[in-house]
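Keep the sequence and the 3D view open as you read.

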Amino acid sequence: MNLLEQVHCMVWGPWTLVLFLGVGIFFTLKCKLFQIKGFPYWWRHTAGRILSGDAAVKGEGGKGISQFQSVCTALAATVGTGNIAGVATALTAGGPGALFWMWISAVIGMITAYAETMLGIRYRYKDKNGHYLCGPFIYMERGLGMKGLGILYSFLCLMCSLSMGSMVQANSAVSTMEYTWHVPELTGGLIFTILLMLVICGGISRIGGVAERLVPAASGIYVLFSLIILISCVEAVPGAFFAMFESAFRPEAAAGGTAGYAVSRSVRYGISRGVFSNEAGLGTLAVLHGPAENTTCHEQGMWAMFEVFFDTVVLCTLTALVILCMTGSAPEKIPYEGAALASWCFGGRLGMLGEYLVSGSMVVFAFATVMAWFYLGKQAASYLAEGIGLGVDTGAFFSSRVYPALFLGAVFFGSEARLNMVWMLSDIWNGLMAFPNLTALLFLSREVTLPDEFSENRKKAH
């Protein structure tokens, strides 16, 4: 085992999973099971507002973005290839019981996402140009008084954006385009990079606008065709649920399920192959919700909970059920894994349309993820440059000129390269990001509170 592999094993050892779950359980108890008992309340204030056509959610304001655009941008980062490839790998690794452990992990992760996003909004501020600065590095500096910890986090976030957030995603998308539609790597890489450049040159407003159209449409199409398959084989659905609960407490099922929930992009080596599918605990949701205008910290915290719910409980569950129904609840016996297994299952019912659906979803989800990670990296680059003493003007130049060039270069290079080492480095940066963020969450836990209206309603009920 070489040095890089040893570091990889250290970063993603059992204690990392214990830390993620431990912090989530701590906030679950502190917030009195808000993600479960408060479901009607936070649903009414998030998805319920969209369904009711609440104009305030989509209203524009200042140099930020609307609440709905911030949600779509955050979903762009969390909804990714892991919702397809990650789930498929989890099921082959742990059997049908993996789905049960995805749900358990999601419930715990929801409250962690609430805590970090709430703190992010509470401590955010506007720079001299009127743009919001928000994220773990801000509440580490202003909440904990530990600017050094914030600088460390921003560096890790920057490195992650230039590897997992750019190279790996572009490589997955272009490889899929080449395999499915026979698009040459060079052509696919150029198309992907140019389209991304056109989006990011418009700043957070354009990123939010594209996310507002791309993510709901892509997710809606994926949900629709998944439901069509499940309805067409409805007789197999009860058996899939039975197999899930029957095998849920086998050791191998628990391990596989945790990996399927944890990995947000593409899974090859279990938990370490990517970030958590909903990114709860990494602090990225706090950055992505920062530009939202006309909102409160509690409101954005609840939106983060919804994103975790949609990413895992909705999308991952649909993928898992399709695979379990199409494989007779024995995905490990099919000679495919990852995205190939998902493609085989969708193609079994929908023919070439199913294979194109999976491939198209992976390309769109990968593009959305890269788009969101550009903004994450840009915020981190701006904070890092100022934090290490380059000055406001130099920091602005680095984040607005140098970083975009580096990011686009990483995207194009990643689309053409073989990324075994980059994959491993991405895992390491991802894992290291969690440690300072989860530490900050624990030290600032007293400031994580429930919405006043919800607390008052609970008092009246008692």
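How close do the axes of helix α7 (residues 67-78) and α20 come, and at roughly what angle do they cross? The axes come within 7 Å and cross at roughly 115 degrees. Axes here are lines fitted to C-alpha atoms, for helices over the stretch in contact, and angles run from 0 to 180 degrees between N-to-C directions. Helices (H or I, at least four residues) are DSSP runs, numbered from the N terminus.

This is a predicted model, in which local features need pLDDT of at least 70, side-chain atom pairs count only at pLDDT 80 or more, and totals for chains, interfaces and linings use all residues. Residues are numbered from 1 along each chain as its sequence is written, and side-chain values use heavy atoms, with hydrogens and water left out.

## Helix against helix

Stay with α7 and α20. Their crossing is left-handed (the near helix is turned anticlockwise from the far one by less than a right angle; clockwise would be right-handed). Thr-73, Ala-76 and Ala-77 of α7 meet Phe-365, Ala-368, Thr-369 and Ala-372 of α20. Contact means heavy atoms within 4.5 Å.

Helix α11 (residues 147-161) also packs on α20, at about 140 degrees and with the axes 8 Å apart. The two are therefore oblique to each other (under 35 degrees is roughly parallel, over 145 roughly antiparallel, 65 to 115 roughly perpendicular, and the rest oblique). α11 passes α20 in a left-handed crossing. Among the residues in contact are Gly-150 and Phe-155 of α11, with Trp-373 and Tyr-383 of α20.

Now move to helix α12 (residues 164-181) and helix α21 (residues 392-416). Their axes come within 7 Å and cross at roughly 40 degrees. That makes α12 oblique to α21. This crossing is right-handed. Residues that meet include Met-167 and Val-174 in α12, and Phe-407 and Phe-413 in α21.

## Rings in pairs

How many aromatic pairs does a search of the whole structure find? The count is 25. Rings of Phe, Tyr and Trp (its six-membered ring) pair if their centres lie within 6.5 Å; planes under 30 degrees apart count as stacked, over 60 as edge-to-face and the rest as tilted. Here are two edge-to-face pairs.

| Pair | Centre to centre | Angle between planes |
|---|---|---|
| Phe-34 and Phe-454 | 4.9 Å | 65 degrees |
| Phe-192 and Phe-367 | 5.5 Å | 80 degrees |

Phe-34 lies in helix α3 (residues 34-37) and Phe-454 in helix α23 (residues 452-461), so this pair ties together parts 420 residues apart in sequence.

## Charges over rings

The charged end of Arg-124 sits over the ring of Tyr-132, 3.8 Å from its centre. Arg-142 has its charged end over the ring of Tyr-125, 3.8 Å from the centre. The test is NZ of Lys or CZ of Arg within 6 Å of the ring centre and within 35 degrees of the ring normal.
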